[in-house]
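Let's take a walk through this one together. Have the sequence and the 3D view open as you read.

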Amino acid sequence: MVDSQRNVIQPLDLAWVESSRVNLPAVQRRAATHLKRRSVKKDWQAAWFLRAVTCLDLTTLSGDDTETNVSRLCFKANNPIRQDVLESLQLKDLKITTGAVCVYSSRVKDAVTANKNNHSQVPIASVAAGFPDGQTPLPQRLDEIKYAVEAGASEIDIVITRCYVLSGNWQALYDEVAACKKACGNALLKTIIATGHLGTLTNVYKASLVSMMAGSTFIKTSTGKEAVNATFPVALVMIRAIRDFYQRTGYKVGFKPAGGIRSAKDCLSWLALMKEELGDEWTQPNLFRIGASSLLGDIERQLYHFQTGSKSSKNASYRHCQWRILASTYSS
């Protein structure tokens, strides 16, 4: 097994892709029962919330983005939780940051400058390759990836050409993603398959497989700008594709849901799903990210409410938080 290594470009296995099918009723049943039967007990919630923070890609992707709001974003990414809350949880010495900040390629240099000013090591991710629609010519898309990497991005979120999936042109999809992988150089490649545009869950599974065969470090549900974004049925299909790919190749690929995840309790459900389906390792930021812009505020509010709860509850949770976060192991 080569599970300690980052995914690389694999040969395209068309026989595997073409023979893949998704059992829709089974996926729907599994997704429907997940939220009902899976809960995190109160004394553990603070630890899970803090783990979720470390998996956040704190994002701003607006037409009115400026150097100032990118600078604020980077400061928040480096200091996502109020110091008084961390002190009350006896975690002030544990440096908690978000998984990354995510901006447009034109704003990467602003993020680099902000990180230097903040003495921050938070990774900078950039959307590229014609985000969000992927309808620009491939040479221009590759140039944008190279521009973002040269500007200082260490992670690149690309979008695929959806018509390749809808027409079953898996070779074209593979060639496109592999070209993007090469353009990334040493930067992580997170491939957005835009599940809301793919029509069927079988297409979602096949697009996930091809994207991983082409070298994706992460596969991501959505741009956040589709009508339908991250849902549990879609996530299950993509996660099972990740598991199948790992079992066959030995390479671990990360997963990133994005779009529509706004509440702290939602993120607990996502972490629980990753733990159940793939194990504890996939609740770490090197293999799990959440694309969100407003989620952090609700997590911080929940931690504040937790901090101001009963003393006996807090004392138990201090021990849970410290041990679970430092040991990188979670239980419910």
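How far apart should the ends of helix α12 be, given its 15 residues?

## Helix α12

Helix α12 covers residues 264-278 and should span 21 Å at 1.5 Å a residue; its end C-alpha atoms are 21 Å apart, so the two agree. The expected span is 1.5 Å times one less than the number of residues. Helices here are DSSP runs of H or I with at least four residues, strands are runs of E with at least two, and both are numbered from the N terminus.

Eleven of the 15 residues in α12 are buried (under 20% relative accessible area, 1.4 Å probe, protein chains only). Among them are Cys 267, Trp 270 and Met 274.

Eight strands form an open sheet in the order β7-β6-β5-β4-β3-β2-β1-β8, paired in parallel (a pair needs at least two DSSP bridges). β7 (254-256) and β8 (290-292) sit at the edges with a single partner strand each, so one side of each has no neighbour in the sheet.

## The whole chain

The chain has 14 helices and eight strands, and 58% of its 332 residues are buried.

## About the model

This is a predicted model, where local features need pLDDT of at least 70, side-chain atom pairs need 80 or more, and totals for chains, interfaces and linings use all residues. Residues are numbered from 1 along each chain as its sequence is written, and side-chain values use heavy atoms, leaving out hydrogens and water.

Notes
Buried < 20%, exposed > 50% of the residue type's maximum accessible area, 1.4 Å probe, protein only.
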